Amino acid sequence: ATSAVCDAAILAGVQRVVFSSSAFAQGYSHAASGPQAYAPKYLPIDEAHGALPHETYGLSKLVGEQVLETAARTAKSVSFVSLRFTNIVKRELFNSSLPWKAPGSDAPMTLMTWGYTHEDDVIDAHVSAATKATAAAPGTHEAYIIAAPDTRFAEPTLDLLDSMLGLKGIPLRG
């Protein structure tokens with residue numbers, strides 16, 4: 001389906017195609033521990049981190065991104081943008097649902113539940129991806145992570161990462 005959309009967009013002469021991807025393409029997983037649990041190469045995760053999907057949903061989103069990457073090689077007048085969203089929090093739930101109670105060792109939470117994106121930021125990201133010339137040059141594909149600058153918890157992120165996931169040894173950037 002993504003390739004059909006790309007083909008139709010190219011034939012119609014559009015200047016930009018925007019694809020709603022997912023943080024699952026990066027490697028987010030529903031597993032809180034074990035071999036399928038997501039352990040990033042470094043923190044914070046950024047676009048240069050690379051995509052390492054752990055589940056089929058993430059793989060399907062990465063394949064969609066790769067379809068856009070492939071289309072960009074030949075459609076030199078069209079630019080392609082993928083938006084990798086973390087969990088979307090609807091505006092009517094935002095103030096009543098955050099912050100969450102910090103996870104404990106008795107009830108660990110997968111890393112993918114920590115991040116979020118406000119519904120309004122999802123809308124803004126799509127508009128910006130579609131309209132800003134700098135989002136992607138013609139004949140290229142760019143992927144962007146869309147996430148809030150904090151987590152769902154009030155506690156300091158690095159402390160939680162270490163106590164819950166043992167990630168303190170992961171290199172920090174920025």
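**Figure 1. Aromatic pairs in the predicted model.** Across the whole structure, a search finds 6 aromatic pairs, a pair being rings of Phe, Tyr or Trp (its six-membered ring) whose centres lie within 6.5 Å, with planes under 30 degrees apart counted as stacked, over 60 as edge-to-face and the rest as tilted. One of them joins Phe 94 and Tyr 116 in a tilted arrangement, 6.0 Å centre to centre with 50° between the planes. Because Phe 94 belongs to helix α3 and Tyr 116 to strand β4, this pair ties together parts 22 residues apart in sequence; helices (H or I, at least four residues) and strands (E, at least two) are DSSP runs, numbered from the N terminus. Tyr 116 is buried at 6% relative accessibility, whereas Phe 94, at 23%, is partly exposed. Buried means under 20% relative accessible area, exposed over 50% and partly exposed in between (1.4 Å probe, protein chains only).

This is a predicted model: local features need pLDDT of at least 70, side-chain atom pairs count only at pLDDT 80 or more, and totals for chains, interfaces and linings use all residues. Residues are numbered from 1 along each chain as its sequence is written, and side-chain values use heavy atoms, leaving out hydrogens and water.

**Figure 2. The surroundings of Thr 110.** Thr 110 sits in the loop between α3 (91-97) and β4 (116-118) and is buried, with a relative accessible area of 9%. Leaving aside residues up to four places away in sequence, Thr 110 touches Ser 29, His 30, Ala 31 and Ala 32, contact meaning heavy atoms within 4.5 Å.

**Figure 3. An aromatic cluster.** Phe 24, Tyr 28, Tyr 38 and Tyr 57 form one aromatic cluster.
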